[in-house]
Protein chains: 2
Amino acid sequence: MTDAEYLLSFLQEKKVPTITKKRHKYLAYQGCEQTCTYVLAEGVVKTSVILRTGREFNIAYLKAPDIISLLRDEVSHNPPAPFNIRVETQSATFYQVERVVFWKYINQNARLQSYVKDYYRRKLIESIYQQQLMTTNGKRGAVCGFLTTLIDNFGTDTPDGILLNLSVTNEDIAGFCGISTRNSVNRIMHDLKDQGILDIRHKRILIRDLSRLTDLIGE
Amino acid sequence: MTDAEYLLSFLQEKKVPTITKKRHKYLAYQGCEQTCTYVLAEGVVKTSVILRTGREFNIAYLKAPDIISLLRDEVSHNPPAPFNIRVETQSATFYQVERVVFWKYINQNARLQSYVKDYYRRKLIESIYQQQLMTTNGKRGAVCGFLTTLIDNFGTDTPDGILLNLSVTNEDIAGFCGISTRNSVNRIMHDLKDQGILDIRHKRILIRDLSRLTDLIGE
DNA sequence: ATTTAATGTTAACATTTGTTACGTAATGGT
DNA sequence: ACCATTACGTAACAAATGTTAACATTAAAT
């Protein structure tokens, strides 16, 4: 049992209430905005912020188990940008805890404490890597790099390659890689398909040649 | 006295040895590579990694006081990329502590513990903001955004605007913003100069119109 | 003082990416 | 079944950025 799984079972034992949202619904912070912490118990969500230009910048796909609100608290700059959490799987379930109670739980339990301590460290590693990926590559390299980062959480091996078991639209990719419109994404993806590096199977991305995909990333 | 300053005085009291390096020298991890932690006591350093393509990706300017090695430990991916620390001021001084000893100190002291706990959180905020900046902007917006991030640590008000009291070459900017050559940076900087937004005074960047500079950033 | 290396400047051209417009196909709600 | 919505595909053109090269200027090394 991982530390994260331990957190879930801990919250369950404490009879913390859960809420469930359907695909493409948003976890709104109505009422409980400032006072509640959310822990993703099941499903996948996409976190993003809306920039003042109206464009959406996607931060990460989070797969259960994960602590949603820790990230949220840190990302919202001042003035806090609207932080979106959209359900990407058929449904997603969250534990909803009063912030004060959540931290009381954490501080009373050594294992949870160490988990949270590690949380920021891991997110920092991910973030710096992403930053490097997006900064040092052109848009095409950024897309290739982004796709490879999905493998760990969502990739499943098949005879034809690695299938990313997640619905990712061109618009989503644009939001992650800072590409202005889905048209440019389409051009890049089509290129990769033509080269036999990628394919689309049942609306899912199939990485047919990971080696050549990573070759297109600067680092 | 900030927590960071407290850490410095703490290390001084413990008679932890320091090392001093001159401008544009590198803090090499010779011998003490795995076992030592470094704390920047005075000066400014630039942290960067060299990508397999040979290009340099600049991560941050760190101003004393700061803990160098925490960042280093996390950035080096596997296989660990060479993590460079270059002195940017006339000289820089570091405390050099055995890693085991360093953590013993931290864990024995509540204030230091809270400082380190906060360290990752702050770095994560910075990193996600940087990521957003570099991803959602074109190169020109990235440069504008990068320059504004320098204001907090290095900006001093003058009658003509905000002077960035730090030597930043076009090549440096390229490394931070993922611009391939200093030529493209020059084009962008020259543009900003022509518009009266920037100026160069004694080899330093002078931000003459912050408002118009930020206007050029997507968010 | 002289030489060497680092940095800035400019320009021409190639490549990538953005922008806009229009069309098709699939999906979901009523 | 119908309509509205969402997503994908394609293309022409504009704008930004990369690439390369040549040369000027400044800082560092000897």
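## A guided tour of chains A and B

Select A:Leu164 first: A:Ile205, in strand S11 of chain A, stands opposite this residue. The model under view is a predicted one.

**The pair of strands.** In general, strands of a sheet pair through backbone hydrogen bonds, in either a parallel or an antiparallel manner.

**The whole sheet.** The four strands form an open sheet in the order S8-S9-S11-S10, with antiparallel pairing. Strand S8 (155–158) and strand S10 (198–201) of chain A are at the edges; each has a single partner strand, so one side of each lacks a neighbour in the sheet. From one strand to the next, the twist averages 30°.

Now display residues 139–154 of chain A, which are helix H5. This helix packs on the sheet and touches S8, S9 and S11 of chain A. The direction of H5 makes about 85° with that of S8(A).

**Chain A as a whole.** Along the principal axes, the C-alpha atoms of chain A fill a box of roughly 55 × 40 × 30 Å. Of the 219 residues in chain A, 36% are buried. Among contacts in chain A with a separation of 6 or more, 69% are between residues 24 or more positions apart.

**The interface.** Show chain B alongside chain A: 28 residues of chain A are in contact with 28 residues of chain B. On the side of chain A that touches chain B, strand S4 (56–63), helix H2 (68–75) and helix H4 (110–136) each give two or more residues. The largest share, 15 residues, comes from H4(A). By type, this side of chain A comprises eleven nonpolar, ten polar and seven charged residues.

**A helix in chain B.** Finally, select residues 170–177 of chain B, helix H6. Six of its eight residues are buried, so H6(B) is largely enclosed by the rest of the structure. Among the buried residues are B:Ile173, B:Phe176 and B:Cys177. The buried residues of H6(B) pack against H4 of chain A, and also against S3, S4, H4, H5 and H7 of chain B. End at B:Gly178, which follows H6(B) and has a positive phi, near 70°.

Technical notes: Residues are numbered from 1 along each chain as its sequence is written. Chains are lettered from A and ligands numbered from 1 in the order in which they are written. This is a predicted model: local features need pLDDT of at least 70, side-chain atom pairs count only at pLDDT 80 or more; totals for chains, interfaces and linings use all residues. Two strands pair if DSSP finds at least two bridges between them. Axes are lines fitted to C-alpha atoms, for helices over the stretch in contact, and angles run from 0 to 180 degrees between N-to-C directions. Two residues are in contact if their C-beta atoms, placed from the backbone, lie within 7 Å. A residue is buried if 20 or more other C-beta atoms lie within 10 Å of its own, exposed if 12 or fewer, and partly exposed in between; C-beta atoms are placed from the backbone. Ala, Val, Leu, Ile, Met, Phe, Trp, Tyr, Cys and Pro count as nonpolar, Asp, Glu, Lys and Arg as charged, and the others, Gly among them, as polar.
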